Amino acid sequence: MAPSNNNTNTHSVLMGYLLWIFGFMGAHRFYYGKQVSGTIWFFTLGLFFVGWIVDLFLIPSMDKQADWRFTEGPINYSLAWIFLTFLGIFGVHRFYMGKIFTGLLYLFTGGLFLLGWLYDLYTLNEQITQENAQRRAW
């Protein structure tokens, strides 16, 4: 995946701080594309809350890294993450991205028995980047 233009704003600092409230479970780290540390935060409660407090100061730099790494386009990362976080088992984030078939599949199977939801937690940023790049190529 090629880096995007440094002037893009794919992710939001405000959204990062809102997810930071639940950050002891890694939500903000997944949002910024840091799946490994997000998983560690999830299983250790934000490195026993110490890492969670440190992240309060790291969010602006994580936002800049995500803005540089992911492709801007018609699909809004923050909105897709809100849909995944609160309505993911119903596939709302997939409908939003235009993935109607898998959206219906998630709707009728509880996010494909939560395994699909977990997969999307790890890959949503890449999925959006791919969709945005395809739509920009048209």
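Q: In this predicted model, which residues of helix 3 are buried?
A: Helix 3 covers residues 35–48. What covers its buried residues includes helix 2, helix 4 and helix 8. The buried residues of helix 3 are Q35, S37, G38, T39, W41, T44 and G46.

Q: Where is the kink in helix 3 centred?
A: Helix 3 takes in residues 35–48 and has a kink of about 90 degrees.

Q: Which residue with a positive phi follows helix 3?
A: The phi of this residue is near 70 degrees. The residue that follows helix 3 is F49.

Q: Are helix 1 and helix 4 roughly parallel or roughly antiparallel to each other?
A: Helix 1 spans residues 13–20 and helix 4 spans residues 50–69. Their axes come within 9 Å and cross at roughly 160 degrees. Angles over 145 degrees count as roughly antiparallel. Helix 1 and helix 4 are therefore roughly antiparallel.

Q: How many charged residues are in the contact of helix 1 with helix 4?
A: On the side of helix 1, the contact is made by V13, G16, Y17 and W20. These meet W52, D55, L56, I59, P60 and D63 of helix 4. Besides 7 nonpolar residues and 1 polar residue, the number of charged residues is 2.

Q: Is the crossing of helix 5 and helix 8 left-handed or right-handed?
A: Helix 5 (residues 77–87) and helix 8 (residues 115–137) pack with their axes 11 Å apart, at an angle of about 155 degrees. Helix 5 and helix 8 are therefore roughly antiparallel to each other. Their crossing is right-handed.

Q: How many nonpolar residues are in the contact of helix 5 with helix 8?
A: Helix 5 contributes Y77, A80, W81 and L84 to the contact. From helix 8 come W117, D120, L121, L124, N125, I128, T129 and N132. Alongside 3 polar residues and 1 charged residue, the number of nonpolar residues is 8.

Q: Is N125 buried or exposed?
A: N125 lies in helix 8. Its relative accessibility is 1%, and a residue under 20% counts as buried. N125 is therefore buried.

How values were computed:
Residues are numbered from 1 along each chain as its sequence is written. This is a predicted model: local features need pLDDT of at least 70, side-chain atom pairs count only at pLDDT 80 or more; totals for chains, interfaces and linings use all residues. Side-chain values use heavy atoms; hydrogens and water are left out. Axes are lines fitted to C-alpha atoms, for helices over the stretch in contact, and angles run from 0 to 180 degrees between N-to-C directions. Helices (H or I, at least four residues) and strands (E, at least two) are DSSP runs, numbered from the N terminus. Angles under 35 degrees count as roughly parallel, over 145 as roughly antiparallel, 65 to 115 as roughly perpendicular and the rest as oblique. A crossing is left-handed if the near helix is turned anticlockwise from the far one by less than a right angle, and right-handed if clockwise. Contact means heavy atoms within 4.5 Å. Ala, Val, Leu, Ile, Met, Phe, Trp, Tyr, Cys and Pro count as nonpolar, Asp, Glu, Lys and Arg as charged, and the others, Gly among them, as polar. The bend at a residue is the angle between axes fitted to the seven residues ending there and the seven starting there. Buried means under 20% relative accessible area, exposed over 50%, partly exposed in between (1.4 Å probe, protein chains only).
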